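Here are my notes on the model you sent over. Have it open on screen while you go through the points.

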Amino acid sequence: MDAAFRWLSPLGASVALFLAWGLVWAAGLVGLPLLFARGFPPWLLFSARADAALFGAPPDAIRAAQPAAAEAQWFLSYLIGIGVTSAGVAIVCIAWFGLRRGEVWAFWSLVAAAVPLAALYPYAISRYVRLGVTLGLGDLQPFVTIPALLVPPAIVLAWIGLAGKV
């Protein structure tokens with residue numbers, strides 16, 4: 001670790017925020033199997049209420065009426081969970097082993113990892129909005145909303161902490 005690194009600095013706060021993002025996503029490794037062990041989650045994409053408004057029926061009714069849809073949800077949720085977990089582990093490693101040492105490549109890697117989050121989540125939300133579904137904070141998935149709150153300040157703090165390098 002760089003001898004100049006301090007947790008109570010802009011760079012230190014940035015590393016902490018990026019670590020929190022990565023840990024939220026890495027938790028999918030444990031969280032997703034636990035959800036499925038207890039039965040399907042009550043939602044398909046966002047919340048049960050929002051999904052019922054979008055798809056015209058509650059998610060449980062859709063799964064009951066179409067067992068193939070239930071299998072597709074189970075399979076796709078596991079695939080997404082694997083990808084999110086892998087990304088979370090990578091984010092933790094980049095923040096800990098790169099950004100904590102003041103490496104510019106780590107900063108740009110974490111920014112690049114945030115681009116799909118910043119670009120695609122609003123696109124997913126827009127599908128609901130276009131169809132007249134009102135989304136509230138409780139309708140949004142925490143594995144995206146938590147990073148959406150953590151990452152912008154993490155990027156700004158890292159930029160400040162790496163001043164002169166980026």
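1. Start with helix α5, residues 67-97. (The expected span is 1.5 Å times one less than the number of residues.) Helices here are DSSP runs of H or I with at least four residues, strands are runs of E with at least two, and the numbering goes from the N terminus. The buried residues of α5 are Ala70, Gln73, Ser77, Gly81, Val84, Thr85, Gly88, Ile91 and Ala95. Buried means under 20% relative accessible area, exposed means over 50%, and partly exposed is in between, with a 1.4 Å probe and protein chains only.

2. A word on what you're looking at: this is a predicted model, where local features need pLDDT of at least 70, side-chain atom pairs count only at pLDDT 80 or more, and totals for chains, interfaces and linings use all residues. Residues are numbered from 1 along each chain as its sequence is written, and side-chain values use heavy atoms, leaving out hydrogens and water.

3. Now the overall layout. The protein has seven helices and zero strands, and its C-alpha atoms fill a box of roughly 60 × 35 × 20 Å along the principal axes. Of the 166 residues, 34% are buried. Take the contacts between residues at least 6 apart in sequence: 72% of them join residues at least 24 apart. Contact means heavy atoms within 4.5 Å.

4. The C-alpha atoms of alanine 20 and isoleucine 91 are separated by 9.4 Å, although the two are 71 residues apart along the chain.

5. How do α1 and α5 pack? Their axes come within 7 Å and cross at roughly 160 degrees. The two are therefore roughly antiparallel. (Axes are lines fitted to C-alpha atoms, for helices over the stretch in contact, and angles run from 0 to 180 degrees between N-to-C directions. Under 35 degrees is roughly parallel, over 145 roughly antiparallel, 65 to 115 roughly perpendicular, and the rest oblique.) On the α1 side the contact includes Val15, Phe18, Trp21 and Trp25, and on the α5 side Val84, Ile91, Val92 and Trp96 are among the residues. By class, this contact has 14 nonpolar, three polar and no charged residues. Ala, Val, Leu, Ile, Met, Phe, Trp, Tyr, Cys and Pro count as nonpolar, Asp, Glu, Lys and Arg as charged, and the others, Gly among them, as polar.

6. Helix α1 (residues 10-26) also packs on helix α6 (residues 104-130), with axes that come within 12 Å and cross at roughly 55 degrees. That makes α1 oblique to α6. Phe18, Trp21 and Trp25 of α1 meet Leu110, Ala113, Ala114 and Leu117 of α6. The tally for this contact is seven nonpolar, no polar and no charged.

7. On to α6 and helix α7 (residues 142-161), which pack at about 140 degrees with their axes 10 Å apart. These two are therefore oblique to each other. The α6 side of the contact includes Phe107, Trp108 and Tyr121, and the α7 side includes Val151, Ile155 and Trp159. This contact has 13 nonpolar, one polar and no charged residues.

8. Lysine 165 is in the segment after α7 and counts as partly exposed because its relative accessibility is 49%. What does lysine 165 touch, leaving aside residues up to four places away in sequence? Gly102 and Val104. Glutamate 103, in the loop between α5 and α6, is 62 residues from lysine 165 in sequence and 8.6 Å away, C-alpha to C-alpha. Glutamate 103 is partly exposed too, at 33% relative accessible area.
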